[in-house]
Amino acid sequence: MRGVIIISEQMQFFYWKNMRFIIFLTVFLSLYSCLHLYAFLSVKRALVPGPKANAAVILFMVLMIFTPFIIRILERNDLVTPARFFAYIGYIWMGLIFLFFSFAVTLDAYRLILEAIQRAFNSDFSRFCLSKAQCFFIPLFLSVGITIFGFFEALNIRTERVIIKTDKITQKIDRLKIVQISDVHLGLIVGEHRLKRIVELVKEEKPDVLVSTGDLVDGQMNNLSELTGMIREIPTKYGKYAVMGNHEFYAGPEKALKVTTDAGFRVLRGEGLNIPGVINIAGVDDPAGKRFGLAPNVSEKALLSKLPQENFTLLLKHRPWLSETKGGLFDLQLSGHTHKGQIFPFSLIVKLFYPYFNGLVSLGNNSYIYVSRGTGTWGPPVRFLSPPEVTVIELVHESKTNHQTSPSQNS
């Protein structure tokens, strides 16, 4: 009977995984193709290319549309070098085409509105008008420039510092340093070079506790032993703790769990622990796990209620959503997932879905949520107006009166 149940659960998992993939594939191809169609029409309108040039542009754009799937096929066949090559080309192009579309749509809208005003009022605003060529070349130069800048910005990892004063850290300890990494996305693009810089920054801080708030790994998880070894060697006083993000479930939870534990993390999956006299740490899986039927069905309220309330309670949760625990059973929730949009103006869209979008927010009752911009990149190895970060949170002993929090600062 137990064997039948296990088979049934596996069939359910594969069914939902395949359905989710089909839905994602349909939506992705539709939206990504629309971006390319708009760009192609902009090229055609501005440059009026001949048939051969048209065909060359179309072939290139079709290749770029399907590059993410080519990368996935190469990954699955352990063709790492060509997969990495296509990843850099395809994902940098993805960032560039998104930026081009954003600027081109804005300028085209400006041009159309101006033309409509001219007709409505029978006035001449020609000196304010942009030509079709200008509406192509201005977005082109802007998007290329920002993509180049954003590529190097993605390598420039900042250290964000937050100080929280609380009476729940004992005078004996006085100060507890927690270092957070999030959304590293180890894989084809975020590899040894980038991880080395992350590890250096973390080691410099000499953390008491190191936490990873999900998406430590990306789709490609082969040959990561050297990378996990680099993280495992980071010394901490009270240990390393992590939670599962959505990409851990997309990539394969069993493999992702092994990679995370090989990196030295204790993965908290709907569980909490108390480091006596120091701190409570609790963690929950990303909701993606529930959709696959792979996450424990644990109430955050029940989970946090079991922990000693006299200690500072740290909740690790990949997505910056609040449940019934808001302002109550935890003192600080650490989250990631949003990347602060990673590339502006995509951040404007992300902010619509995640009100707690970036940085430290007070929830009242001496409770806070901190949302990391992420330490790595997903998709395009590009960041614009959203630099990557390693977060250093210092919990400082203070008497029961006058709880204070200092603002985040770059270093």
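## Close-up views: figure legends

**View A. The side chains of H318 and N246 are joined by a polar contact of 2.9 Å.** Here a polar contact is a pair of N or O atoms within 3.5 Å; within protein, one must be able to donate a hydrogen and the other to accept it, and residues adjacent in sequence count only if both atoms are side-chain atoms. The model is predicted, so local features need pLDDT of at least 70 and side-chain atom pairs count only at pLDDT 80 or more, while totals for chains, interfaces and linings use all residues. Residues are numbered from 1 along each chain as its sequence is written, and side-chain values use heavy atoms, with hydrogens and water left out. A further polar contact, of 3.2 Å, links the side chains of H318 and D215. H318 lies in the loop between β8 (313-317) and β9; helices (H or I, at least four residues) and strands (E, at least two) are DSSP runs, numbered from the N terminus. H318 counts as buried because its relative accessibility is 1%, where buried means under 20% relative accessible area, exposed over 50% and partly exposed in between (1.4 Å probe, protein chains only). Leaving out residues up to four places away in sequence, H318 touches D183, T213, G214, D215, V243, M244, G245, N246, D286, S335, G336 and H337; contact means heavy atoms within 4.5 Å.

**View B. S335 sits in strand β9.** Is S335 buried or exposed? S335 is buried, because its relative accessible area is 0%. Look for the side chain of S335 reaching the backbone oxygen of K317 at 2.7 Å. Neighbours within four places in sequence aside, the contacts of S335 include H318, R319 and P320, as well as Q180, S182, T213 and S372.

**View C. H339 belongs to the loop between β9 (332-335) and α11 (346-353).** With a relative accessibility of 6%, H339 is counted as buried. Which side chain does H339 join in a polar contact of 3.4 Å? The partner is D183. H339 and D183 are 156 residues apart along the chain, yet their C-alpha atoms are separated by 7.7 Å. Not counting residues up to four places away in sequence, H339 touches D183, H185, S372, R373, T377, W378, R383 and S386.

View D. Two strands pair if DSSP finds at least two bridges between them. V179 has L210 in β3 as its bridge partner. On the way from β2 to β3 the chain passes through helix α5 (residues 192-205) in a right-handed β-α-β crossover. A crossover is right-handed if, with the strands pointing away from the viewer, the path from the first strand over the helix to the second runs clockwise. β2 is mostly covered, as 6 of its 7 residues are buried.

**View E. Both faces of strand β3 are covered.** In a regular strand the side chains alternate between the two faces of the sheet. In β3, V209 and V211 lie on one side and L210 and S212 on the other, and all are buried. S212 is the bridge partner of I181. β3 also pairs with strand β4 (residues 240-242), in the parallel sense and over 3 bridges. Within that pairing, V211 has Y241 in β4 as its bridge partner.

**View F. Helix α2 (residues 51-76) bends by about 50 degrees at T67.** The bend at a residue is the angle between axes fitted to the seven residues ending there and the seven starting there. A proline, P68, follows within four residues of the bend. The 26 residues of α2 reach 37 Å from the first C-alpha to the last, close to the 38 Å expected at 1.5 Å a residue; the expected span is 1.5 Å times one less than the number of residues. The buried residues of α2 include T67 and P68, along with M61, M64, I65 and F69. Just after α2, D78 has a positive phi of about 60 degrees.

**View G. The whole protein, for orientation.** The protein has 11 helices and 13 strands. Of its 411 residues, 49% count as buried. Among contacts between residues at least 6 apart in sequence, 76% join residues at least 24 apart.
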